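Got the viewer open and a selection tool ready? Let's take a walk through this one, stop by stop.

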Amino acid sequence: MNFFMDLFGNVLELFQDGGWKYVLMWIIGGVLIFLAIVKKMEPTLLLPMGFGAILVNLPNSGAVTEDGAIKLLYDAGIANELFPLLLFIGIGAMIDFGPLLSNPKLMFFGAAAQFGIFFTFSLATIFGFDIKDAASIAIIGAADGPTSIFVANTLGASCKGAIMVAAYSYMALVPIIQPPVIKLITTKKERRIRMEYKPANVSKLTKILFPICITIIVGLVSPQSVTLVGFLMFGNLIRECGVLDNLSDTAQNVLANLITIFLGISIAQNLQAEEFLKLETIIVLLLGLFAFVFDTFGGVMLAKFINIFAKNKINPMIGATGISAFPMSARVVHKMGLEEDSQNFLLMHTIGVNVSGQIASVIAGGLILSLVPAIM
């Protein structure tokens, strides 16, 4: 009985000392866990993020002390961008650039879907964020968690916690956010447009040279993004070279899953109530959502513009997959096409655009890193 009385007294004292903030963070952590388990939204990421949010918001939590486990993981893997870069090797090993190489014009949609990033960059400065924070917030629109972390860390953003949570949360919420936006700006007739897929015979040599050439070109055009692009393309080279199948399988499965778990729980370092529960956080989340929506808008509108002149019409929904949420966005739009017309198979087109968005988002991150010092 005394135990429960002491426990009640400690809880009451906690609330009197502003402990409601901890409870709110527990609820936020619980919501992330709910989305991971019940809704099955990026469970390998949201589950450790949610549990980590609870772990670091226990009073006097040993997980975030100087020698705490989460603090050590954060310093070892996020503060120096190691986890995002290793994750890019795994992502690169998962990507088949065949659909994109069969129709290189799809790259334009990947570029158009970065529109929201630069628009939000300007908008964030109006809200009073300095250049570094505004640039870091804007990159959320790419729906690319590793790039968001890399940019925020490199620029030394003051709101890294909110940026990381927003970037990964919106990646997981693609099935909820994108369909309403797409339906709002397209007609039923446009969504029912069928696109014939004519796969080109992409040689093995082409697939091997592609990641090497992309790395060189991007490195010359946007040196700041060469690390991200290089690790992504290195992972793809492991996949396509044909002599490292075991390493390719390891990168796609063991490495990617392990790093994602470590990344998710390490992000919790920035989810401590004192730092996270601010008005600034809400504004960052809203601006990130705005960037994400307008990236979707940019890709769709490019397709609609091309259709004004094109003889063979493009289903404008495929433009929405130019964000970096691979392969979730491609699957979502493919499913939307089937809902409109059970014979409308858009998957190969959406995959091509989606992988182009993966490259474009990394280049956009590099451009942001190059532009900020010039503006400052």
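Select lysine 71 and glutamate 66: their side chains meet in a salt bridge, 3.7 Å from N to O. Keep in mind as you go that this is a predicted model. Lysine 71 counts as buried, because its relative accessibility is 16% and the limit is under 20%. Glutamate 66, at 59% relative accessibility, counts as exposed.

Salt bridges with shared partners join Glu66, Lys71 and Asp75 into one network. How many salt bridges does the structure hold? There are nine, and two further ones are worth a visit.

For the next, pick aspartate 96 and lysine 207, whose side chains form a salt bridge at 3.4 Å, N to O. This pair links distant parts of the chain, 111 residues apart: aspartate 96 sits in the loop between α5 (82–94) and α6 (98–102), and lysine 207 is in helix α14. Aspartate 96 is partly exposed, with a relative accessible area of 28%.

Then jump to glutamate 340 and arginine 191. Here the closest N and O atoms of the salt bridge are 3.0 Å apart. Glutamate 340 belongs to helix α19 (residues 328–340) and arginine 191 to helix α13 (residues 188–191), so the pair ties together parts that are 149 residues apart in sequence. Are these two buried or exposed? Glutamate 340 is buried, with a relative accessible area of 12%, and arginine 191 is buried too, at 10% relative accessibility.

Time for some rings. The count of aromatic pairs comes to nine. Select phenylalanine 115 and phenylalanine 119, which make a stacked pair: 5.7 Å centre to centre, with 15° between the planes. Both lie in helix α8 (residues 115–126), four residues apart, or about one turn of the helix. Phenylalanine 115 is partly exposed at 38% relative accessibility, and phenylalanine 119 is partly exposed with a relative accessible area of 40%.

Phenylalanine 305 is partly exposed at 47% relative accessibility, whereas phenylalanine 309, at 64%, counts as exposed.

Next, look at the outside. Colour Leu205, Leu209, Ile212, Ile216, Ile217, Leu220 and Val221, and you have a nonpolar surface patch of about 710 Å². One member to click on is leucine 220, found in helix α14 (residues 204–221). Leucine 220 counts as exposed, because its relative accessibility is 70% and the limit is over 50%.

Last stop: the inside. Which residues have the most contacts within the largest nonpolar core? They are Phe97 and Tyr168, in a core of 102 residues. Centre the view on tyrosine 168 and show what surrounds this residue. Leaving aside residues up to four places away in sequence, tyrosine 168 touches Leu45, Leu46, Met49, Leu87, Gly145, Pro146, Ile149, Leu263 and Ile267.

Conventions
Residues numbered from 1 in each chain as written. Predicted model: local features only at pLDDT ≥ 70, side-chain atom pairs only at ≥ 80, totals over all residues. Heavy atoms only, no water. Phe/Tyr/Trp six-rings, centres within 6.5 Å; stacked < 30°, edge-to-face > 60°. Helix = DSSP H or I, 4+ residues; strand = E, 2+ residues; numbered from the N terminus. Buried < 20%, exposed > 50% of the residue type's maximum accessible area, 1.4 Å probe, protein only. Patch = residues over 30% accessible without salt bridge, like charges linked within 9 Å, V, L, I, M, F, W, Y side chains within 5 Å. Areas by Shrake-Rupley, 256 points an atom, 1.4 Å probe, with all protein chains shown as cover. Salt bridge = Lys/Arg side-chain N within 4 Å of Asp/Glu carboxyl O. Core = buried A, V, L, I, M, F, W, Y, C linked by side-chain atoms within 4.5 Å. Contact = heavy atoms within 4.5 Å.
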